[in-house]
Amino acid sequence: MMPADNHTVFDPVSYILIGIPGTEESHFWLAIPFCLIYVASLFGNSLLLFIILTERSLHEPMYLLVSMLAIADLLLSTTTVPKMLAVFWFRAGQISFAACLTQMFFIHVSFIAESAILLAMAFDRYVAICDPLRYTAVLTKSVIVKMGLAVVTRSFCIIFPLIFLVKQLKFCRTNLLPHAYCEHMILARLACNDITVHVWYGVAVAILVICLDIVLIAVSYGFILRAVFLLPSKEARLKALRTCGSHVCVILMFYVPSVFSSLSHQFGHIIPGYIFNLLANLYVLIPPMLNPIVYGVTTKEILKRVINVFYRCCSRSSLLS
């Protein structure tokens, strides 16, 4: 459905997601790895949550923050990937305006939440390495709960105005969205209003929230590295660096794709559309899949519990057979 006149204002009842423009013939095959990644994300994050919640010995600040990250990953991937697969496999791209706004809200909320959780995890590592004697006194369970509430509140307060701004737009172009999911600027560009406020709000969020989080994480790791290299023995230094290794990997996996996605927004006239769309899709697919793998492999306590879970499952299946 497309209005005959590009300047005729219409009330958008629904939109049509068209996936990745320019790769329509490959949609079926692209959906296969996307589906496998999504299944791996669901399994990995659910297993991580199960292990942390059921093992009392893992009810520590670091692991509780990891469980928050797993919840954010599940929210991000589950909000986007099922509809993406429906578009690719069944060409079921129609989505109501309300559903589009809801999807947009949860995508951006989960992104802002993950950034805040990574900052909290950097603070956790800073206290654990730079002030270990006060670790249990500073990062109590009540403090972690307050951190979780602050993460949710901050994310909601930052993204809710975007929903309000989008609802004020008058649409007069098309209801075809050249994307696999609803995203703020993709939707705003279909409006006949001046979207300068939307652009500057996005820039403000990127600078005041994401860049601030990155700077604070970098400062935390600056203090951590200084403390590590002041440790007397090489073994102690290596142990301290290993405890931070998984967190640094997760930080890079989260921020690098999001930075490329943001840059592709700014240089969309240079970068082919299908590359921009692929980057945007990878940004919601890859971190949720890799985060549980990184923590499962590099954290001995979690890896030990994972092996125990699989051992018990194999034992039960052998007894049943």
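The model is predicted, so local features need pLDDT of at least 70 and side-chain atom pairs count only at pLDDT 80 or more, while totals for chains, interfaces and linings use all residues. Residues are numbered from 1 along each chain as its sequence is written, and side-chain values use heavy atoms, with hydrogens and water left out.

**The surface patch**

Select Phe28, Trp29, Ile32 and Leu36, which make a nonpolar surface patch of about 450 Å². Such a patch joins nonpolar side chains (Val, Leu, Ile, Met, Phe, Trp, Tyr) within 5 Å, from residues with over 30% relative accessible area and no salt bridge; areas come from the Shrake-Rupley method with a 1.4 Å probe. Leu36 lies in helix α1, residues 27–54, helices being DSSP runs (H or I) of at least four residues, numbered from the N terminus. Leu36 is exposed at 58% relative accessibility; exposed means over 50%, buried under 20%, and partly exposed in between.

**Aromatic pairs**

The structure holds 15 aromatic pairs, defined by ring centres within 6.5 Å, with planes under 30 degrees apart stacked, over 60 edge-to-face and the rest tilted. Keep Phe28 and Trp29 selected: their ring centres are 5.1 Å apart and their planes at 85°, so this pair is edge-to-face. Next select Phe43 and Phe310, a tilted pair with 6.3 Å between centres and 50° between planes. Phe43 belongs to helix α1 and Phe310 to helix α10 (residues 300–320), 267 residues apart. Then select Phe105, Phe106, Phe156 and Phe160, which form one aromatic cluster.

**The core**

Select Leu118, Leu177 and Leu187, which touch the most other members of the largest nonpolar core, a set of 98 residues. Helix α3 (residues 97–130) gives this core its largest share, 18 residues. A nonpolar core consists of buried Ala, Val, Leu, Ile, Met, Phe, Trp, Tyr and Cys residues joined through side-chain atoms within 4.5 Å.

**Salt bridges**

Four salt bridges are present, each a side-chain nitrogen of Lys or Arg within 4 Å of a carboxyl oxygen of Asp or Glu. Select Asp213 and Arg154, whose side chains meet at 2.8 Å, N to O. Asp213 is in helix α7 (residues 196–229) and Arg154 in helix α5 (residues 141–167), so the pair ties together parts 59 residues apart in sequence. Asp213 is buried at 1% relative accessibility, whereas Arg154 is partly exposed at 25%. Finally, select Glu55 and Arg305, a salt bridge with its closest N and O atoms 3.7 Å apart.

Key
Patch = residues over 30% accessible without salt bridge, like charges linked within 9 Å, V, L, I, M, F, W, Y side chains within 5 Å. Helix = DSSP H or I, 4+ residues; strand = E, 2+ residues; numbered from the N terminus. Buried < 20%, exposed > 50% of the residue type's maximum accessible area, 1.4 Å probe, protein only. Phe/Tyr/Trp six-rings, centres within 6.5 Å; stacked < 30°, edge-to-face > 60°.
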